[in-house]
Amino acid sequence: MSGTSGLRTWVAERPPAAGTAVMATAIVSIGLRLADVEVVSRIFLVLACLAWLTLAVTFALRLAGHPERWAEEARDPAALTAVAATAVLGTRISLLGVQPLAGALLALAALFWPVLLVSVLRHWGRRMPGTVFMCCVATQALAVLAATLAGAETTAWLGHAALVLFWLGLLLYALTLPRFDSRQVLHGPGDHWIAGGALSISALAGARLISADSTRLYLWNQDDSEVLHQVTAILLVLDLVCYAVLVLAELARPRPRYVLLRWATVFSMGMTAAATLAVSAALDVSWLSGPGKVLVWVAVAVWLAAALGAMLAVRAGGHGPWGAGAPGVTSTARR
């Protein structure tokens, strides 16, 4: 009986934003893979898989046992971290060469994506926190995985589906930006970094779309390819500018306290590193490789800092790494 009660308490304590930790760990693994640090990358992959399994169990139990609460939390943009986490992990598994499992994760993420996206869009507010950009991030995460699988499996329809998702993700970013509370740049608990992370995952999606094409697929004609090259390059430039602005904001207003949404910061920094390396390879801009590798190790350092903060929060008597640091754990829209 106590075991059942403990399980219910454990499920009840998981906030929607718990997926940011999975996203952060998986993208750091991808960045390390692109930087040719395979051994460390696989360690992070194992950690990401374990974190994803925890997230999946929580998601399933809440959907089955607390459908009303699940429906309520589905209004929060942070709920889309479940989709993004699944797709980003699937991308890393695809890079490992396990395509059937990666395809299964794509199908799972695609199943919940429209349900959660529609729920979030129907409850959009004004002056929202950084998690509002998860509408773009989740969509582009699907585009990245679909494009990666298209190249690996020589499947044209996946490449074309990824292209549709890519443009939809950019549209969602444009619609989201006016709703973002820009004051969060100086005062946000960590999720304000997703404003840049959405740009970086969009650049990564563009790079994967370009890399997916081959003489066996003929996905894009010359005009389409040129547009993809230009848009991808612009997205990376915008992302790097945003990254610099956010770093300066952190230096101007330090926020050293650990909260769950700091994993969103790790994700965004890791995504910028991965996007830089992917764009370097896709556009054949070799000089970007060096800065990209530096950014990967910066992301690893920030991941370690977040992990340490989570452990210290547990020792201090918090509710665990998911709920430690009450401020900023959820991202309820400000209306």
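A word on the model: it is predicted, local features need pLDDT of at least 70, side-chain atom pairs count only at pLDDT 80 or more, and totals for chains, interfaces and linings use all residues. Residues are numbered from 1 along each chain as its sequence is written, and side-chain values use heavy atoms, leaving out hydrogens and water.

View 1. R33 is partly exposed at 27% relative accessibility (buried is under 20% relative accessible area, exposed over 50%, partly exposed in between, with a 1.4 Å probe and protein chains only).

**View 2. E38 also pairs with R92.** Here the closest N and O atoms sit 3.1 Å apart. This pair links distant parts of the chain, 54 residues apart: E38 is in helix α3 (residues 38–65) and R92 in helix α5 (residues 81–96). Helices are DSSP runs (H or I, at least four residues), numbered from the N terminus. E38 is partly exposed, at 25%, while R92 is buried, at 0%.

**View 3. D181 meets R183.** Their side chains form a salt bridge at 3.0 Å, N to O. D181 is buried, with 6% relative accessibility, whereas R183 is partly exposed, with 47%.

**View 4. Shared partners make a network.**

Technical notes
A salt bridge is a side-chain nitrogen of Lys or Arg within 4 Å of a carboxyl oxygen of Asp or Glu. Helices (H or I, at least four residues) and strands (E, at least two) are DSSP runs, numbered from the N terminus.
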